[in-house]
Amino acid sequence: MPDRFFITTPIYYVNADPHVGHAYTTIMADVIARHHRQRGEEVFFLTGTDEHGAKIARAAEEAGRTPAEHADHLSARFREMARVLGAGNDFFIRTTDEPHKAVVQALIVRMHDNGDIYKGAYGGWYCTACEAFYNEGDLAEAHTCPTHGREVEWIEEENWFFRLSAYRDRLLRHYDAMPAFVRPRSRMNEARRMVEDGLDDLSMSRAQVEWGVTVPWDPAHTVYVWVDALFNYYTALTYAQPGTDLVDRLWPPRLQLMAKDILRFHAVIWPALLMSADLALPEGLFVHGYILKGGERLSKTTGNIVDPFPYIARYGLDALRYYLCREIRFGEDGTFTDEGFHQRYTSELANDFGNLVSRTTKMIERYRGGAVPTDPGGDADLAAESVTTRDQVVRHFDHDDVTGALDAAWGWVRRLNRLVEEREPWALAKDDARAADLDQALFSLASGLRIAAILLWPVLPGSCAQVLVALGEPPDAVSLDRAAWDAGTPAARVTPPDPLFPRIDRAEVTP
Ligand code: MSP
């Protein structure tokens, strides 16, 4: 039975258009999902939109739409983003889906039955951008939200509460037993501190917010948007494939991605909700860094967003995927710049990889009539290096190091470029006595390039499929077993492709 790999992104708020920060998490999840598909695992990749709550209702009002119209409009933009990014998500959940709402209701009834929900009075400072309450002591200057710098509102109402405080010890025990529950480790420590510092019970319903899932036993209330949203990861499996019980097959998630803005919700509240609803906890959460521009996190609230679509239009999708994976070390913050993007496109994608593809295929065409020679068997060391590279790539993925995996695969691309310089096939071609050496050089280049295309496929799916076709392989021959020296099609027919990364003049990409 193949391993199962259920991976999720956060579900994005439909208050504004998607930006490169959202694209980033979706791309990284897609890269990891593709890698696991290459291993032969049964992968399920979930993304979607978070559509309820005061924040969305207000954004709709400002746009002169009903919340439902607004959510339809923007959810479609996020769905389109996933498609344009090449994301192979298996489902796209919307929290306005009827089956999602019904399952959320069933889950909170279970929590209520378990004695974890009670009615209480509450007063607190609410930030609508965060959809969260703050204690007086956590506010920034002049009663503003520490994340958004916006004024918070005093909200006082009778609400339903979740006994989060009762889960303190169980959460700490879980963190002790599963130190890799939140990764990187620094984020695990942060989550632990949040719990050790003390947990207040969570107001989990709102009487003043109409746009949400109705609390089944008290229809005057809607479910707090974060409770509604977090449960998406579970509810999606109940209806993504009608007739198949995906919960049984796939629950719990193997990997959940997010940035640190929502660490508390995922590392503290989410496991407590699951414990209360008698559900298994996810195996791991990975918290990546922020994409910054001009030193600040991209965010609609701070006004410095980067739109991914113009970059795709100008440089191609694979260039955006590559830049984000390589420039922003997975797990750390990184800065998005037009100069850096252009530089990596030109010197790495066009020069390192594009040239290698074009030289290799053209030389096989010119010197061997387009047929990859049979392996004369003289490059055992190089074959061994390819195995080491593949193992490194796999190991990096096992350690959530997507950037490291890409660096290792890129090292192999550079190794092949050096091979061209070392062997000088054009010189060998002039000397009939060296025909066997030329066969060896061309076989090694073709084989090495095929392996590079497989290792790079999760990041550069379109270009690598083209490389495989150019090498006479099926475009979907990307399983990791085939990233082996002799796993190519014998005497494959090579056709040089159009330039994969054509030269592009440097110019500002204006959104
Ligand atoms: N709706 C909630 C999540 C609910 S999940 C049950 C939410 N939505 S969001 O639209 O604000 O998306 C936040 C997520 O988008 C971040 O955690 C991260 O995955 C991604 N990013 C948004 N801006 C980003 C950057 N500037 N940099 C990196 N990731 C970014 O929170």
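## Ligand contacts

The model is predicted. In it, a nitrogen atom of the ligand lies 3.3 Å from a polar backbone atom of L298. The backbone of I11 also takes part: one of its polar atoms is 2.8 Å from a nitrogen atom of the ligand. With D261 the side chain is involved, and a polar atom of that side chain is 2.9 Å from an oxygen atom of the ligand.

On its own the ligand has 670 Å² of accessible area, and the protein covers 95% of this.

## The shell around the ligand

Several elements give two or more residues to the shell: β1 (4-13), α1 (20-38), α7 (225-230), α8 (232-239) and β11 (255-259). Of these, β1 gives the most, with 4 residues.

There are 25 residues around the ligand, and those that come nearest are I11, T25, D50, D261 and I291. By type, the shell is made up of 14 nonpolar, 8 polar and 3 charged residues.

The chain is divided into domain 1, residues 4-306, and domain 2, residues 338-507. Taken over C-alpha atoms, the centres of domain 1 and domain 2 are 41 Å apart.

Contact between the domains involves 11 residues of domain 1 and 14 residues of domain 2. About 1,200 Å² is buried between domain 1 and domain 2, and carbon and sulfur atoms give 63% of that area. On the side of domain 1, R34, H35 and Q38 supply 49% of the area buried against domain 2, more than any other three residues.

## Backbone geometry

Most peptide bonds are trans, and most residues other than glycine have a negative phi.

P184 sits in the loop between β7 (182-183) and α6 (185-196). P252 belongs to the loop between α9 (246-250) and β11, and β11 is one of the elements that give two or more residues to the ligand shell.

Definitions and conventions. Residues are numbered from 1 along each chain as its sequence is written. This is a predicted model: local features need pLDDT of at least 70, side-chain atom pairs count only at pLDDT 80 or more; totals for chains, interfaces and linings use all residues. Side-chain values use heavy atoms; hydrogens and water are left out. A residue is near a molecule or strand if one of its heavy atoms lies within 4 Å of it. A polar contact is a pair of N or O atoms within 3.5 Å; within protein, one must be able to donate a hydrogen and the other to accept it, and residues adjacent in sequence count only if both atoms are side-chain atoms. Accessible areas come from the Shrake-Rupley method with a 1.4 Å probe; for residues, only the protein chains shown count as cover. Ala, Val, Leu, Ile, Met, Phe, Trp, Tyr, Cys and Pro count as nonpolar, Asp, Glu, Lys and Arg as charged, and the others, Gly among them, as polar. Domain bounds come from an automatic or database domain assignment. Contact means heavy atoms within 4.5 Å. Buried area is the accessible area (1.4 Å probe) that two parts lose on being put together, summed over both.
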